[in-house]
Each structure stands twice: as structure tokens, then as C-alpha cells.
Amino acid sequence: MSWGTELWDQFDNLDKHTQWGIDFLERYAKFVKERLDIEQNYAKQLRNLVKKYCPKRSKDEEPRFTSCLSFYSVLNELNDYAGQREVVAEEMAHKVYGELMRYSQDLKAERKHHLQEGRKAQQYLDHCWKQMDNSKKKFERECREAEKSQITYDRLDNDINATKSEVEKAKAQFYLRTHMADESKNEYAAQLQNFNAEQWKHFNNAIPHIFKNLQDMDERRTVKLGETYRSFAEAERRVIPIITKCLDGMVSAAKAVDNKRDSSIVIESFKSGFEPPGDFPFEDFSQNLSRTGSDGTISNTPKGDRDRDGAPGPRQDPKHPMSRTKNKLWLFGKKPKAPSLEDFSHLPPEQRRKRLQQRIDELSKELQKEMDQRDALNKMKDVYEKNPQMGDPSSLQPKISETICNMEKLRSEIHKNETWLAEVEGKQSSRGDRRHSADNHHHTPQGRESPEGSYTDDTSQEHHTPHKHSSPPQPGQPNPDPHEFDDEFDDDDPLPVIGHCKALYSFDGQNEGTLVMAEDEVLYIIEEDKGDGWTRARKQSGEEGYVPTSYVEITMEKNSKGS
């Protein structure tokens, strides 16, 4: 169906319809613009989210747990997903929104041109009609004048009193008006014929042609909308395979989480290498008392235990380090200087062994590089000696000497670290023998770890308080050097409180520098665990010291102020 034949008289309505079509196209373009803005903002927010939760530490400091690595994989996949959302936004901006806006401008110009042609044709037809109408009115007017002149002539011709000249004059006027009426009639007929011809051309040629152009324009607009609807969907469909790969990557990361492996990493990271403490021997302080049958306490002592103990057990030294710690609260007013970290003696044996082995491996790699460089320089020197024109062999000697010096330094460092490593491994292998020897001599206390990480048999260092069997093993002891503390710390300000903790188990604080705590006791945290398994805390009474991190439940406080 054609607009030209069916809607020949609906020029104004078609004008309104084509304007509505362009307005609708621009409205859809506005919708696409808002849609791609949403995609861009979504992608930006996703990238900011990934950036916020991505690790900010170096790779060496990153945790090796599978749960953490899988989470970072999820972040990477989410970052790729955000990139695909940006691709969707770019596709919509280029292939949909941009195309619609360009096409809208073309439609406006084309519509304006067709409507102007239609108005010109209508104006020309109106002009023809006015000419025809004017000729018609002139013909009508001349006919009336001719009729009047005829009546006047007939009246004078029949009047006997009229003179001959009056009759002749009326007759001439009648002939003149009759002639003018005939001319107006001919002109009217010509104008009418011309108008009818132009009107036929207008409604059968000009208007159908113009309306056909408008119809083609509107149909092309409709087709363009359909194409952009498809492009709108294809922009999303095109990234679905890549988005699916991103989601598959997230699923693979989830499957890679291994609880057993994470547990083994925790063991490797925090294993101290210490042996669990042995049983405390029974110390019979009633050896010097007179034994009577009425003394239930003495008589109830197992004979086997008395025979096995033999002599009375050692008494607790009144100058026990714990008592000294209680009397020297100034000791923790300032953190003691850490001993030399070169040999990692501040770490537990197992951790120290791992760090020393790591350093030896690194030094060995550096030594290999220096050896390769030395060999390369020697080869170059040989080439220069055989072909002096290529270079001076003596110019390479300083570099060769420097490389050899570096090699000697590295070998010295490797030997020193290997010595420390052998010392650690020797202590670990001898610890079982020392424990066995202590079990065979109950009058000698168990070999216990001193704050410096070595064992001691000094009974004054033992605080005979039974351990709770449900308590976890203690980490390596902190190692402040007692010779470095002086009364100069009396006036130092106390460390600020950065959190608090609740004791999960009781701790007897056997070594100097540690803090005695009861189960469920609440302490202040003044220094975090530095990786050695100890946390520095302060009691409400002001007493400070180290407690095992695994013995307490810690709650850190943000923006906390010093107490």
C-alpha cells in the first residue's frame, strides 16, 4: 500500500507522523546512552572494588594459602569481567548510540526536503486556483454588465422619444459589453482547463511522489530501529563466551581451595621445632619431718615415689626471674633491643633452619652468577690476547679481580650460614637425647628453653606449676637481652594500647620477660606478634610482658589512643 494513493489528502497528518518517528528514534538513542552509562559505571565500580581488595604487599609477603590464592584468582577474573562490561559499553556507544544520532540528523534533513517540496506543490496549485477563480469572477461580472447594456439598448430602441444618437450609443455599448463578456468567457475557460490539469498533476504525480519518499524514509527509519535493537543485543551476546570463561575461572579457583594444604602451610610457617614439655617430677618436702602414723598426709605419700625421689627436691629460688619481673615493671617501659638478626637466633629452631637454608640458596645463586661472569670475562680476555686488535686484555683484569673478590665474599657468607645451619640441626638432633636423659633422672628438672632459645638445667629457672593438658604448645620464647635493660627506662612513656585480648588458657610465665595470666583474664595489647609467636601485653595493674599468641583471643582496635 502506498501513502500517495491512500493518504493523498493527509499531508498534515503525515507531517506529524514523520516528526513523531524521528522523536521516537531519538528517545531510543537516549535510552541506549543511559544504558551504556550504566555499563561504564558498573565496570568502573568493579575495577575499583578489585583494586581495593587486591594485595598491596610484595609477592614475597603474600600468604601462600590456597584460599588466599583462589580469592586473588577470583579478583583477577572479576577484573576481566569488568573489562568485558567496558567492551559492551563501547559497542553500544559506537554501533548503536552513535549510529542512531547520525541517522537522526540525516532523517531530519531528508524530511525537511520532502515537506518543502510538498508545500511548494500545494502553493503552486493554490496559485492556479486563484487565477481560475479570478477569471471566473471577471466573466461573471462582464456578463452582468452585458445584460445591463442590453436592457438599456432595448429600452431606448423601443422609446419613440429617444434620439437616434442615444440609440446608437446604447447599441455600441451593448456590443462592447457583449464582446468583453465573450473574452472573459474564453479566459475563464482557459484558466479552468489549466487549473484542472495542474490539479490532476498535483494529486496524481507530485503528491504521490512526495508521499512515497516520506513513506520510504519512515520505513527505513523502522528498519534502522530493528537493526539497532539487534546490535543492542549482539553487543551483550558477543561477550558472553568470555564472561563464561571468567565465571569458569572463578569456579576453578573455588575448586583449588585445599584445606589440607593450608593446614600444612600453617604448620610449616609456625613450626618452632621445640619438644613439648615433659612431666614434672614429684618433689617431696616432707623428708625432714618426723613420720607418725597419725600424719595422714605423709603416710599417704606413695612409697614408690619416695624411693624414686630419694633426696628432697630442689626448692624454688626466692630470686625467681618471675618475681624479678614483677618487681621491675620498668623493664617493659621500652621495647628491648633485639639481638643481631644475622644468624636468625631470635627465631625458633625450625624457623631459623628454614631462614638459614633460604639464605644459603640465595647466596648460592649469586655465587653462580659471579662464576658465570668470571668465566665470560676469562673467555673475552683469551680472545683479546689472540686478537689484540679487538681490545686490550689488561682492561678486563680489574673487572676479573672484582668478580673473584665477590666470589670469595659469597663463599665466606655461605660457609658462615652453613655453620649456623649445622649448629641448628645439631641442636635439634640432640634434643631427643637430652629429653631422654632428663626422664631417667627425675631429681634433675626437664631441660627447658631459655629466652635466648637455648636449653638450661638451672632449677632456679623452673616454676613448678602444672600445665593444663588442653593448652596448645607454647611457641619459642622471646629473647630480650637482660644485660641491655637499665634503670634509664624508668622515665620512658608506656607503649600505647592497640587492642585487648582474653586468655583462653592459664600461663605461668616461667621465663624472664613473660607475663603470668589466668584463664579468662583480660589484658591490653601494646605490641603485635612479630612472627615469633609472642604478643606483648599489659595487665590492668600496669605489669607488662610477653604472652603466647596462641593462648589468647586478640581484638585489635582501630585509631586507638595510648593508655
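The structure is a predicted model, in which local features require pLDDT of at least 70 and side-chain atom pairs count only at pLDDT 80 or more, whereas totals for chains, interfaces and linings use all residues. Residues are numbered from 1 along each chain as its sequence is written, and side-chain values use heavy atoms, with hydrogens and water left out.

Of the 563 residues in the chain, 33% are buried, where buried denotes under 20% relative accessible area, exposed over 50%, and partly exposed the range in between (1.4 Å probe, protein chains only). Among contacts with a separation of 6 or more, 75% are between residues 24 or more positions apart, a contact being defined by heavy atoms within 4.5 Å. The secondary structure comprises 11 helices and seven strands, taken as DSSP runs (helices H or I, at least four residues; strands E, at least two) and numbered from the N terminus.

An open sheet is formed by five strands in the order β6-β5-β4-β3-β7, with antiparallel pairing; two strands are considered paired if DSSP finds at least two bridges between them. Its edges are β6 (544-548) and β7 (552-556), each of which pairs on one side only. Neighbouring strands of this sheet are turned against each other by 40 degrees on average, direction ignored, with axes given by lines fitted to C-alpha atoms (for helices, over the stretch in contact) and angles running from 0 to 180 degrees between N-to-C directions. Within the sheet, β3 (residues 499-503) and β4 (residues 522-527) are joined in the antiparallel sense over four bridges, and K502 stands opposite V522 in β4.

Helix α4 (residues 164-237) contains R221, a buried residue with a relative accessible area of 6%.

Zero disulfides were found under the criterion of a pair of cysteine sulfur atoms within 2.5 Å. As for individual cysteines, C68 is partly exposed, with a relative accessible area of 22%, whereas C128 is buried, at 1%.
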